[in-house]
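Please look through the sequence and the model before reading on.

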Amino acid sequence: MELKKSTKVLFGIAAGIVLLFIYAPLAVVLINSVNGDATLAWPVRSVTFEWWGRAFHSAGLLSAALTSFGVAIVATIVSLILGTLCALALQRYDFFGKSAINMLVILPIALPGIVTGIALNNAFTTMVGIKLSMFTLIVAHVTFTIVTVYNNVFARLGQLGQHTEEASADLGAGVWTTFRLVTFPRIKSSLFAGALLAFALSFDEIVVTTFTAGQDITTLPIWIMNNMFRPHQAPVVSVVAVIMVVISLVPLWLSQRVTSDID
Amino acid sequence: MKQRAKKPVSSFLYNHPTLHRWALLVLPVGWMALVYIVALIALLITALWSVNEYTGAVEMTWTFDNLIQAFTDSLYLTVTERTLFIAVLATVIDIILAFPIAFYMARMASPRARKLLVILVSTPLWAGYLVKAYAWRSVLSGSGVLDMILRPFGGHSPGYGLFAVILVEVYLWLPYVITPIYTAFEQVPESLLEASSDLGARSGVTIRKVLLPMIVPGVVAGSIFSFSLSLGDYIVAGIVGGKTQVLGNIIYTDVGVANNSPMAAACALIPIIIIGVYLMLVSRTGALKRL
């Protein structure tokens with residue numbers, strides 16, 4: 001299809017404007033994190049690193065970050081096990097109810113977080129009658145992180161086919177040996193990608209968390225939410241926001257390196 | 001045979017694939033069914049219960065009052081309408097914004113520029129939902145950067161309110177809309193477009209009659225994200241919405257403040273039904289397979 005040069009330029013400009021729209025607010029937060037004015041007023045008149053210092057010395061912030069980290073790690077490990085099992089069963093076998101199970105795993109991210117949140121809150125407190133705690137929070141997070149591992153492993157297993165696994169069984173390897181020596185090494189990269197997504201999803205989650213965490217539990221997103229509206233804390237929230245954006249780039253960079261190394 | 005006898009479990013599983021399958025499925029499906037399906041069903045049932053007016057405790061007396069109120073009370077209707085308005089408008093704007101950049105990425109950019117653009121568009125997906133909403137709170141604040149830019153022209157920051165909510169919803173889900181539309185544009189074979197022009201169609205006609213119909217599933221796939229994600233969102237309304245109430249706020253207030261689980265459950269059915277209907281309508285386009 002032949003396109004006029006002027007058309008290309010026009011679309012290029014439009015693409016540039018959209019990119020500007022995507023990145024400008026993030027740049028504003030970065031600049032605000034060193035804005036000398038405590039109300040974060042613009043134009044910026046002076047630069048300060050006071051907020052960065054305060055962020056690193058805030059005990060509440062640090063413990064919130066640790067809580068989020070812990071929850072995300074546990075949720076990711078459980079998701080790795082459950083997601084892989086589910087992917088193996090659904091990729092290797094054809095049976096009645098397969099699409100229903102597929103739907104079941106996807107449902108928690110297809111429905112809005114508030115529906116998942118209130119459903120689990122209601123089930124925990126009204127139906128089962130247990131108090132909201134770290135346990136209920138992790139159970140809730142696993143429910144919506146299984147799908148990331150499942151999706152990645154399912155797709156990878158589909159590419160691989162199952163001849164090598166059959167060969168392994170023919171040569172006398174048991175189920176576990178086959179998984180350990182044949183299947184696992186070849187799905188490693190997809191497990192890693194799935195785990196990163198699961199971790200990121202859990203680390204960043206706020207809606208389901210609000211409904212399923214005990215009163216005394218403060219994750220990083222909840223800390224941000226609580227401090228955003230306090231005038232003297234707003235600059236520190238900017239610092240946290242910048243750190244979170246930077247941290248979010250690490251898994252992205254890692255996943256690109258790992259997938260290109262292994263495959 | 002000696003090998004086989006050594007691994008009784010493995011050979012048993014090999015001879016009984018159904019058992020093998022269920023051995024794999026029992027944990028994940030058990031988890032999802034016990035935690036999630038039970039919770040969803042429980043939510044439905046709770047919507048039919050009532051709250052004691054004096055003690056505030058949930059009572060297992062059956063009633064349709066919550067459902068009737070959620071679906072007919074003018075307060076709930078107004079808020080549902082507003083939430084739908086936000087979700088639809090944000091989705092339409094997202095599609096309009098996504099089109100030119102997706103088209104440019106897939107059909108005009110050089111391979112190197114395309115790779116870079118894909119990274120630039122998908123990176124913000126990782127940047128965290130709350131961080132992005134907070135970023136807009138800073139941009140839109142009364143003494144913020146937008147106000148500074150508009151002041152010389154006699155304007156002001158639009159501030160926090162309905163407009164800000166729509167703007168931020170557009171912003172949050174834009175990368176989710178660009179990606180499937182880009183993929184759809186990219187998958188259209190060049191030969192098809194050449195055939196069209198060989199047959200005498202001008203570029204405009206080729207785009208309208210050949211290219212656009214083929215990317216409809218991609219557009220729909222993108223719209224599912226922006227529509228359902230903004231429909232259930234209440235955090236954004238809390239951060240930049242000022243006094244703007246959306247469905248999520250009402251559900252949240254019913255549970256968190258009023259402790260009225262039955263009413264909250266009834267309200268939660270509203271977005272579930274809307275999204276269910278939407279998914280049913282779009283499933284015919286084959287978009288669900290592109291998620």
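The sections below treat the model, each chain, selected residues and the contact between the chains.

## Basis of the model

This is a predicted model, in which local features need pLDDT of at least 70 and side-chain atom pairs count only at pLDDT 80 or more, while totals for chains, interfaces and linings use all residues. Residues are numbered from 1 along each chain as its sequence is written, and chains are lettered from A, with ligands numbered from 1, in the order in which they are written.

## Chain A

Chain A contains eleven helices and zero strands. Helices here are DSSP runs (H or I, at least four residues), as are strands (E, at least two), and both are numbered from the N terminus. The C-alpha atoms of chain A occupy a box of roughly 75 × 65 × 30 Å along the principal axes. The radius of gyration of chain A is 23 Å, whereas a compact globule of 263 residues would have one near 18 Å. That radius is taken over C-alpha atoms, and the globule rule is 2.2 Å times the number of residues to the power 0.38.

Of the 263 residues of chain A, 44% count as buried. A residue is buried if 20 or more other C-beta atoms lie within 10 Å of its own, exposed if 12 or fewer, and partly exposed in between, with C-beta atoms placed from the backbone. In chain A, 78% of the contacts with a separation of 6 or more join residues 24 or more positions apart; a contact requires C-beta atoms, placed from the backbone, within 7 Å.

## Helix α6 of chain A

Helix α6 (residues 134–160) of chain A has 27 residues and spans 38 Å from its first C-alpha to its last, close to the expected 39 Å. The expected span is 1.5 Å times one less than the number of residues. A kink of about 35° in α6(A) is centred on Phe144(A), the bend being the angle between axes fitted to the seven residues ending at a residue and the seven starting there.

Of the 27 residues of α6(A), 21 are buried, and the helix is mostly covered. Just after α6(A), Gly161(A) adopts a positive phi of about 75°.

## Chain B

Chain B has 14 helices and two strands. It is divided into domain 1 (2–46) and domain 2 (74–290), with bounds that come from an automatic or database domain assignment. The centres of these two domains of chain B, taken over C-alpha atoms, are 38 Å apart.

Phe85(B) belongs to helix α5 (residues 74–107) of chain B. This residue is classed as partly exposed because 13 other C-beta atoms lie within 10 Å. Phe85(B) and Leu231(B) are 146 residues apart along the chain, yet their C-alpha atoms are separated by 9.2 Å.

## Contact between the chains

In the model, 73 residues of chain B are in contact with 69 residues of chain A. On the side of chain B that touches chain A, helix α3 (residues 17–46) of chain B gives the most, with 18 residues. By class, that side of chain B has 53 nonpolar, 16 polar and four charged residues. Ala, Val, Leu, Ile, Met, Phe, Trp, Tyr, Cys and Pro count as nonpolar, Asp, Glu, Lys and Arg as charged, and the others, Gly among them, as polar.

Ala89(A) lies in helix α3 (residues 59–92) of chain A. Ala89(A) counts as buried because it has 22 C-beta neighbours inside 10 Å. Leaving aside residues up to four places away in sequence, Ala89(A) touches Arg21(B), Leu24(B) and Leu25(B).

Conventions: Contact = placed C-beta atoms within 7 Å.
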